[in-house]
Amino acid sequence: MSFDLIILGPPGSGKGTQAQRIVARHGVVQVSTGDMLRDHKKRGTPLGIEAATYFDRGQLAPDDLVIRMIEERLKLSDVAPGVLFDGFPRTVPQAAALDALLARLGRTMRCAVEIRVPDAAIVERLSGRRVCPGCGAPYHVANMPPKKDGVCDKCGTALLARDDDRAETVLERLKVYHAQTAPVAAHYAAAGKLRQVEGAGDPDAVFARIDEEIGRAS
Ligand code: AMP
């Protein structure tokens, strides 16, 4: 049986960092719609060009575009052991579409883990966030610095700040999160699948809490 999980949380809640740990611990495949859209944008595909208009303003891409992308992704054979959905679902219609898709494919959702972080902490976190354009590893200038300034520990590529981590885009993304994504948590709570975890503190402590909740849901 597949071991499918969802990780929920506002931008800057540490989702990406925790997702990497969940993948390493449970052998699931991370499916991040944000990473997929960034990749389409970089390659200049029609989907990437369409998504970029929303992306660059911190707004959500249309549900049908994202759902189609997920449907295609779940056709690949590497998802057999399980998927960690990261950045998806972002809206209640996306969550409903995922429920239907998983049922059709005979897959089971274990739980949705929500990382909770107050808004005030988010802006500080995102302004220091850096990412490796080579392998996707996340860093933070103060909280999780690379060993060598500005360079990825894993692959040696120069680190970058994301375009959409600028302060005004962050505020828009937080607004969008509260309006559209917070109801997704309620959707999973109603199904008895929501596990909430405090996102404050160091990443190891947060991961320990997450793993305990995943263990309980198994
Ligand atoms: P992320 O890296 O998950 O913060 O996503 C970056 C941007 O990609 C978001 O601000 C949206 O414009 C878009 N995006 C990512 N995932 C979704 C989704 N599930 N639904 C709609 N838009 C998305």
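Predicted model: local features only at pLDDT ≥ 70, side-chain atom pairs only at ≥ 80, totals over all residues.

Q: Ok, which residues come nearest to the ligand?
A: Thr 33, Arg 38, Gln 59, Gly 87 and Gln 94, out of 16 residues around the ligand.

Q: And which helix gives the most to that shell?
A: Helix H2, residues 33-43, with four residues.

Q: How does the shell divide into nonpolar, polar and charged?
A: There are six nonpolar, five polar and five charged residues.

Q: What lies 2.6 Å from an oxygen atom of the ligand?
A: A backbone N or O atom of Gln 59. The side chain of Gln 94 has an N or O atom 2.9 Å from a ligand nitrogen, and for Arg 173 a side-chain N or O atom is 3.4 Å from a ligand oxygen.

Q: How much of the ligand does the protein bury?
A: The protein buries 95% of the 480 Å² that the ligand exposes when taken alone.

Q: Switching topic: where's the cis peptide bond?
A: Between Phe 88 and Pro 89, with omega at about -5 degrees. Pro 89 sits in the loop between strand S3 (83-86) and helix H5 (92-105).

Q: Now the largest nonpolar core: which residues touch the most other members?
A: Ile 6, Leu 37, Leu 74, Phe 85, Leu 98 and Tyr 188, in a core of 30 residues. Helix H4 (residues 63-73) supplies the largest share of this core, five residues.

Q: What else lies apart from it?
A: Another core, of 21 residues, including Phe 3, Leu 126, Leu 174 and Val 206.

Definitions and conventions. Residues numbered from 1 in each chain as written. Heavy atoms only, no water. Near = heavy atom within 4 Å. Polar contact = N/O pair within 3.5 Å; in protein donor to acceptor, adjacent residues only side chain to side chain. Areas by Shrake-Rupley, 256 points an atom, 1.4 Å probe, with all protein chains shown as cover. Helix = DSSP H or I, 4+ residues; strand = E, 2+ residues; numbered from the N terminus. Nonpolar A, V, L, I, M, F, W, Y, C, P; charged D, E, K, R; others polar. Core = buried A, V, L, I, M, F, W, Y, C linked by side-chain atoms within 4.5 Å. Buried < 20%, exposed > 50% of the residue type's maximum accessible area, 1.4 Å probe, protein only.
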